[in-house]
Amino acid sequence: MIDAEQTLVTRRLILEPLRVCHARELFADLRDPRIYAFMPDDPPLSVEALALRYVIWERRQSPDGRERWLNWVVRLAHGGEPVGLLQATVPTRGAALVAYLLFPRRWGKGYAREGVRRVLELLFVEYGVERVAASIDTRNDRSIALVRSLGFQCAGCTRVADPIKGAPSDEYRFELTASQACPTSAAPPPRT
Ligand SMILES: CC(C)(COP(=O)(O)OP(=O)(O)OC[C@H]1O[C@@H](n2cnc3c(N)ncnc32)[C@H](O)[C@@H]1OP(=O)(O)O)[C@@H](O)C(=O)NCCC(=O)NCCS
């Protein structure tokens, strides 16, 4: 069994498994409406509401046990400032899903790319998944640029109903397979 509580490290970042106690620290930053412009989600209403969500996420798996739910707080390695969140949903079979957000004051520095790349490495190498997918609103240029820079390819576009914001939106599904992923960072080493 892979340790879902392991902290991941990159050159500039520490990815710390998300816990209920992080709700208070993250709440103010998660209130920024710019984060939710293209996401089917809204800012948390209170620290308590956020903590309740994290109680569920802290179980690290779905109630039926069929999915691993991995969530991390992304921190700057130098100083420990929280800069965002990363998420991976790993089913027993089929594609894993990744999701991510950075606090807007830290956009444009490559932190999302660096953090997601580390999560992809975990998924492909340790979890052995064959495919990772991301669902992205067609207007979310930053997120599209991010996944393209990591080698994801567009696998389709669908119209989805948005239960929170009302109006439907169009979403791309981007996918990356283990063999497409950068061989030095994300794919298992070639057999000799
Ligand atoms: C999607 C999101 C995480 C992308 O954030 P981002 O800061 O644009 O992405 P990165 O951290 O990879 O940074 C890339 C940028 O950093 C720049 N950069 C600077 N230093 C860099 C480095 N060392 N390495 C890589 N890129 C670097 C790149 O040139 C690029 O800049 P540009 O946008 O001006 O071209 C962010 O916009 C976000 O949180 N949005 C709200 C939530 C959301 O929509 N999530 C996705 C739902 S599908």
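**Reading the sheet and its cores**

Q: How many bridges join β5 to β6, and do these strands run parallel or antiparallel?
A: Strands (E, at least two residues) and helices (H or I, at least four residues) are DSSP runs numbered from the N terminus, and two strands pair if DSSP finds at least two bridges between them. Here β5 and β6 run parallel and are joined by two bridges. L97 stands opposite A133 in β6. From β5 the chain passes through α3 to β6 in a right-handed β-α-β crossover: with the strands pointing away from the viewer, the path from the first strand over the helix to the second runs clockwise.

Q: What is the basis of the model and its numbering?
A: The model is predicted, so local features need pLDDT of at least 70 and side-chain atom pairs count only at pLDDT 80 or more, while totals for chains, interfaces and linings use all residues. Residues are numbered from 1 along each chain as its sequence is written, and side-chain values use heavy atoms, with hydrogens and water left out.

Q: In what order do the strands form the sheet?
A: The open sheet has eight strands, ordered β1-β2-β3-β4-β5-β6-β8-β7, with mixed pairing. Its edge strands, β1 (8-9) and β7 (153-162), each pair on one side only.

Q: Which strands run antiparallel to their partners?
A: Among them are β2 (residues 13-17) and β3 (residues 67-76), joined by five bridges; P17 has W72 as its bridge partner in β3. Six bridges join the antiparallel pair β4 and β5, where L86 is partnered by Y100 of β5. Four residues lie between the strands of this hairpin, and G94 takes a positive phi near 95°.

Q: Is β5 mostly covered or uncovered?
A: Buried means under 20% relative accessible area, exposed over 50%, and partly exposed in between (1.4 Å probe, protein chains only). β5 is mostly covered, with five of its seven residues buried.

Q: Which residues have the most contacts inside the largest nonpolar core?
A: In soluble globular proteins, nonpolar side chains tend to be buried together. A nonpolar core is a set of buried Ala, Val, Leu, Ile, Met, Phe, Trp, Tyr and Cys residues joined through side-chain atoms within 4.5 Å. The largest one has 38 residues, and W72, L123, V132 and F152 have the most contacts inside it. α3 gives the most, eight residues. A second, separate core of 16 residues includes V47, L50, W57 and V73.

Q: What is L123 in contact with, leaving aside its neighbours within four places in sequence?
A: Contact means heavy atoms within 4.5 Å. L123 touches A88, V90, A96, V98, G128, V129 and V132, with those neighbours left aside.
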